[in-house]
Each structure stands twice: as C-alpha cells, then as structure tokens.
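This briefing is intended for a reader who wishes to examine the model by topic. Please keep the sequence and the structure in view while reading.

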Amino acid sequence: MKRWFRQHVDAVYERLLSREIAGAPTHVAVIQDGNRRYARQNGGDAHDGHRAGAETTERVLEWCQDIGVEELTLYTFSTENFERADEENEALFDLLCDKLYEFADADRVHDNDVCIRVIGETEMLPDRVRDAVDYAEGKTQGYDQFVLNIALAYGGRSRLLEATRGVAHDVEAGELDPDEIDVETIEQRLYDQPVRDVDLIIRTGGAERTSNFLPWHANGNEAAVFFCTPYWPEFSKADFLRGIRTYEHRAESWRRTRARRALALLGAVSETELTEAQSIVNRFRDSLPTGERPHEDDIDATAVRESDDAGGTDGDSLDSSSRAAD
C-alpha cells in the first residue's frame with residue numbers, strides 16, 4: 001500500500017513538473033554517481049550497481065529526446081577510475097562493450113538519428129573496449145539529430161593540457177601566430193568533433209562538485225548545476241525534470257540580469273553603446289517583473305534624449321558595451 005501511494009504521488013509530481021517546463025537546454029551533461037553505493041545498499045556487488053545504472057542511462061536518453069535536448073554527455077569512466085580494483089574495472093569494461101554494441105544496433109538509435117561519440121583518452125582503454133567504440137561510432141557517424149557523448153578514460157584538465165600543448169607546438173613550429181589564438185583554436189584541439197557548450201550539469205549521489213567534467217564547455221558557459229541525492233540507478237524522471245527546471249530558472253535569472261543592466265546603461269552611455277543597450281532591453285524586457293518593465297515609448301524617448309546629449313559623438317566600441325551588458 002505504501003509503495004503504491006508513493007508511486008501515485010511521484011506520478012502526479014512528474015505531471016506537474018512537465019507542465020511547468022517551457023523549454024529545454026541544448027546540451028545536458030550527467031555525472032552518474034552512486035552505482036556502487038546503490039549496490040552495497042541492496043546487498044549486491046559493484047557490477048550489479050553498474051548494470052542497474054546502465055538501465056537508467058537508457059531511460060535518460062529517451063527523456064532527453066522527449067523534451068528536445070539535442071546533446072547528452074555521460075561521465076561514464078574517469079581517468080581516476082583506473083585506480084579501482086582490476087576485477088571491478090574488467091567487469092565494467094565488459095558491460096561497456098555490451099552496451100556500446102547494443103546501442104549501435106538499436107532501432108531507436110537509428111530511428112532517431114543518434115550519433116554516438118566517445119570522448120577521453122581512449123588509448124588507455126582495453127582493446128575490446130576500443131573495438132566497441134569504433135563499432136558504435138562507425139555505425140552512427142552519419143547521424144546529426146541527437147548527439148550522445150560517452151566520456152571514457154576522461155579527465156577535463158588533461159584534455160585542456162593536451163590542447164594547450166598542441167597550440168604551443170604549432171606556435172613554436174611557426175604554423176600559428178600567437179595573435180591569432182582564440183576560443184576556436186582551443187576548441188578544435190579538445191575533441192575530434194565539436195562539442196556544444198554545456199547548459200546543464202546533473203550530478204546524482206549527493207556529492208556537490210563537478211569533478212573536472214567538461215571544464216571548458218561547462219564553466220566557460222556558466223552552466224546551471226543540479227545536485228540531487230538519489231544514486232544513479234534510482235534517478236527518476238521527476239528528478240530529471242527538476243534538473244531541467246533548475247536550468248530554466250538559471251536562464252530566466254540571466255535574462256533578467258541582462259535586462260536590468262541594459263536599463264541602467266540607457267541613462268549613462270554614449271550613442272554607440274546606446275544601440276546595444278536598447279537592443280538588450282527590447283529582447284529581455286518581458287523577463288523583468290511587471291513593475292520594472294519600461295514602456296517601449298519610454299525606451300525610445302531615452303534613446304533620443306541620450307543621443308541629443310551625446311552630441312553625435314562616438315563612444316566606446318561595441319566590444320566594451322557588450323562586456324558591460326554581460
């Protein structure tokens with residue numbers, strides 16, 4: 001009876017969350033923590049936990065596709081995980097092989113044009129895992145509707161270090177001008193194929209840290225982060241939707257801040273900067289509380305007044321106004 005009641009409440013809560021969500025992040029990254037603790041809690045060994053976690057992974061993939069997420073990255077095996085017992089890792093490698101072959105042949109993967117990619121130091125993995133990786137990537141390389149990144153033998157700092165070394169080598173060889181180094185220069189060296197900026201990181205298992213996961217794409221994009229206590233095998237759709245809601249609140253807060261700063265700029269900027277501030281206010285005014293929203297006529301009047309006061313002189317560059325608005 002108690003279990004039935006809990007399931008009923010969870011179903012109602014899930015429907016409520018679904019109605020509250022208006023959009024979806026483009027790229028969700030997940031730290032799948034708690035498999036081994038789940039197994040111990042239920043009297044099993046680590047392999048039991050990893051297998052139960054693999055079932056959750058399949059469900060999350062479906063949930064992402066249902067709400068419109070376009071890219072999902074799973075932190076499946078870190079470089080630090082090599083320090084675990086060989087017996088545990090060998091069983092996990094066998095499971096990874098099974099799942100990679102299974103995913104690569106699954107109708108739902110091909111029906112939904114899912115591109116499977118593996119990121120990380122794959123040369124550190126056993127031959128049988130690398131063979132499974134090649135098979136999965138080869139079978140799905142032509143798809144572009146949804147990207148599933150599987151982080152294996154992954155370490156965020158090590159990837160940044162390798163990218164930096166690559167840039168330094170090209171500069172030393174005279175193939176790259178230091179003045180030409182930009183964001184794209186680094187990104188092109190991080191992974192074989194582009195990875196979108198991360199909008200939301202989800203971590204299960206109760207820990208509140210991002211553990212060196214996609215630092216360039218997540219921290220640089222100020223991704224929203226959702227920490228929750230269920231172990232990965234227990235992660236439910238309601239938990240997933242709560243994470244999406246966290247992203248939406250973060251995005252709304254960002255839009256509101258941009259609008260407020262742009263409003264403040266309208267009264268204190270030069271003519272060149274004024275156009276940029278006006279544009280931001282017009283884009284994000286609806287995200288402000290009703291009492292703070294300026295009327296469009298007021299915005300135009302401010303623009304005319306500031307233009308007259310500026311006497312037609314140019315102010316700082318658009319780059320400086322963009323930084324201020326940000």
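C97 is classed as buried because its relative accessibility is 7%, under the 20% limit for that class. The structure shown is a predicted model. Its protein chain contains 13 helices and six strands.

**Cysteines and helix α4**

- C97 belongs to the buried residues of α4, which also include E88, N89, L92, F93, L95 and L96.
- Further along, K99, L100, F103 and A104 complete the buried set of α4.
- Helix α4 itself covers residues 86-105, 20 residues in number.
- From first C-alpha to last, α4 reaches 29 Å, close to the 28 Å expected at 1.5 Å a residue.
- C115 is another buried cysteine, with a relative accessibility of 4%.
- Zero disulfides are found in a search of the whole structure.

**Strand residues**

- A151 is part of strand β4, which runs over residues 146-154.
- With 0% relative accessibility, A151 counts as buried.
- The contacts of A151, leaving aside residues up to four places away in sequence, are L74, Y75, T76, F77, I119 and F213.
- A151 and V118 are separated by 33 residues in sequence, while their C-alpha atoms are 5.8 Å apart in space.
- R203 lies in strand β5, which spans residues 200-203.
- R203 is buried because its relative accessible area is 4%, against a limit of under 20%.
- Leaving aside residues up to four places away in sequence, R203 touches I31, D33, R209, T210, S211, F226, F227 and C228.

**Packing of helices α7 and α8**

- Helix α7 comprises residues 156-172 and helix α8 residues 183-190.
- The axes of α7 and α8 come within 8 Å and cross at roughly 115°.
- The crossing of α7 past α8 is right-handed.
- On the α7 side, the residues that meet α8 are R159, L160, A163, G166, V167 and D170.
- Their partners in α8 are T185, I186, R189 and L190.
- In general, residues three or four places apart in an α-helix point the same way, because the helix has 3.6 residues a turn.

**The chain as a whole**

- Of the 326 residues in the protein chain, 43% are buried.
- Among contacts in the protein chain with a separation of 6 or more, 77% join residues 24 or more positions apart.
- The accessible surface of the protein chain is about 17500 Å², and carbon and sulfur atoms account for 44% of that area.

Key:
Residues numbered from 1 in each chain as written. Predicted model: local features only at pLDDT ≥ 70, side-chain atom pairs only at ≥ 80, totals over all residues. Heavy atoms only, no water. Helix = DSSP H or I, 4+ residues; strand = E, 2+ residues; numbered from the N terminus. Buried < 20%, exposed > 50% of the residue type's maximum accessible area, 1.4 Å probe, protein only. Contact = heavy atoms within 4.5 Å. Areas by Shrake-Rupley, 256 points an atom, 1.4 Å probe, with all protein chains shown as cover. Expected span 1.5 Å × (residues − 1). Disulfide = S-S within 2.5 Å. Axes fitted to C-alpha atoms, helices over the stretch in contact; angles between N-to-C directions. Left-handed = near helix turned anticlockwise from the far one by under 90°.
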